[in-house]
Amino acid sequence: MTPFTRLILIALFFLTLGVGISSAQGDDPPTPTPDPGWTPTLTILAPDGQPLAGDLYLLGAQQPTVILLHQLYADRTQWGDLPGSLLAAGFNVLAVDVRGHGLTGGDIRWDLAVEDVGVWIGWARSMGIQGAIS
């Protein structure tokens, strides 16, 4: 199984988990708010200099971290209440704009977008977020 396939399967698992949490609670899941764990949209640079945009919802550096990758022609804001459901379940959330989408901009390049996920994971680890996906 390739690392990209593994990442997609993990993302789908957590997407399903978020839907299950929402319906199991019988009420609306909490919506992420700017205080205390939300970081406004941040930008990091890919090795080729392309700015990559993402939103970080951080419960704690030791919590497991989920990276949300949007669909084609969407962006990191498409997730609705899923980040809130994941936070309620104890996960940090990093929602990113893939190349050619949202604030990341540039051209759609799936070969580089896969590498960009590794850049985000490396960034999270460098910031001390120990729960970043390995």
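## Chatting through a predicted model

Q: Let's start with Trp120: buried or exposed?
A: Trp120 is buried, with a relative accessible area of 2%. Buried means under 20% relative accessible area, exposed means over 50%, and partly exposed is in between, using a 1.4 Å probe and protein chains only.

Q: What kind of model is this, and how are residues numbered?
A: This is a predicted model, with residues numbered from 1 along each chain as its sequence is written. Local features need pLDDT of at least 70 and side-chain atom pairs count only at pLDDT 80 or more, while totals for chains, interfaces and linings use all residues; side-chain values use heavy atoms, with hydrogens and water left out.

Q: And what's the mean pLDDT?
A: The mean for the protein is 78, and 69% of its residues reach 70 or more. pLDDT is the predictor's confidence in each residue, from 0 to 100.

Q: Where is confidence lowest, and where is it highest?
A: Lowest is helix α1 (residues 3-25), at a mean of 45, and highest is strand β2 (residues 51-57), at 95. Over residues 12-36 the pLDDT is below 50, yet in the model this stretch has 26 contacts beyond near neighbours in sequence. A contact means heavy atoms within 4.5 Å. Where pLDDT is low, the predicted coordinates should not be read in detail.

Q: OK, overall layout: how many helices and strands?
A: Three helices and four strands, in the order α-β-β-β-α-β-α along the sequence. Helices (H or I, at least four residues) and strands (E, at least two) are DSSP runs, numbered from the N terminus.

Q: Back to Trp120. Which aromatic partner does it have?
A: That's Trp123. The two rings sit edge-to-face, 5.8 Å centre to centre with 80 degrees between the planes. The rule is that rings of Phe, Tyr and Trp (its six-membered ring) pair if their centres lie within 6.5 Å; planes under 30 degrees apart count as stacked, over 60 as edge-to-face and the rest as tilted. By this rule the count comes to one aromatic pair.

Q: Where do Trp120 and Trp123 lie?
A: Both lie in helix α3 (residues 110-126), three residues apart, about one turn of the helix. An α-helix has 3.6 residues a turn, so residues three or four places apart point the same way.

Q: And Trp123, buried or exposed?
A: Trp123 is buried too, with a relative accessible area of 17%. Not counting residues up to four places away in sequence, Trp123 touches Leu42, Ile44 and Leu56.

Q: How many residues are in the largest nonpolar core?
A: There are 18, and Trp120 and Trp123 have the most contacts inside it. The elements giving two or more residues to this core are β1 (38-45), β2, β3 (65-69), β4 and α3. Of these, α3 gives the most, with seven residues. A nonpolar core is a set of buried Ala, Val, Leu, Ile, Met, Phe, Trp, Tyr and Cys residues joined through side-chain atoms within 4.5 Å.

Q: What does the second core include?
A: That separate core of ten residues includes Tyr57, Trp79, Leu82 and Leu87.

Q: Why is β2 largely enclosed by the rest of the structure?
A: Because six of its seven residues are buried.

Q: Which strand does β2 pair with?
A: β2 pairs with strand β4 (residues 92-96) in the antiparallel sense, over four bridges. Two strands pair if DSSP finds at least two bridges between them. As one example, the bridge partner of Gly54 is Val96 in β4.

Q: Switching topic: where's His101?
A: His101 is in the loop between β4 and α3, and it is buried, with a relative accessible area of 3%. Among the residues that His101 touches, leaving out those up to four places away in sequence, are His70, Tyr73 and Trp110.

Q: And is Tyr73 buried or exposed?
A: Tyr73 is exposed, with a relative accessible area of 68%. It is found in the loop between β3 and α2, and has a positive phi of about 65 degrees although it is not a glycine. Most residues other than glycine have a negative phi, and most peptide bonds are trans.

Q: Last one: where is Gly84?
A: Gly84 is in helix α2 (residues 82-88), and at 2% relative accessibility it counts as buried.
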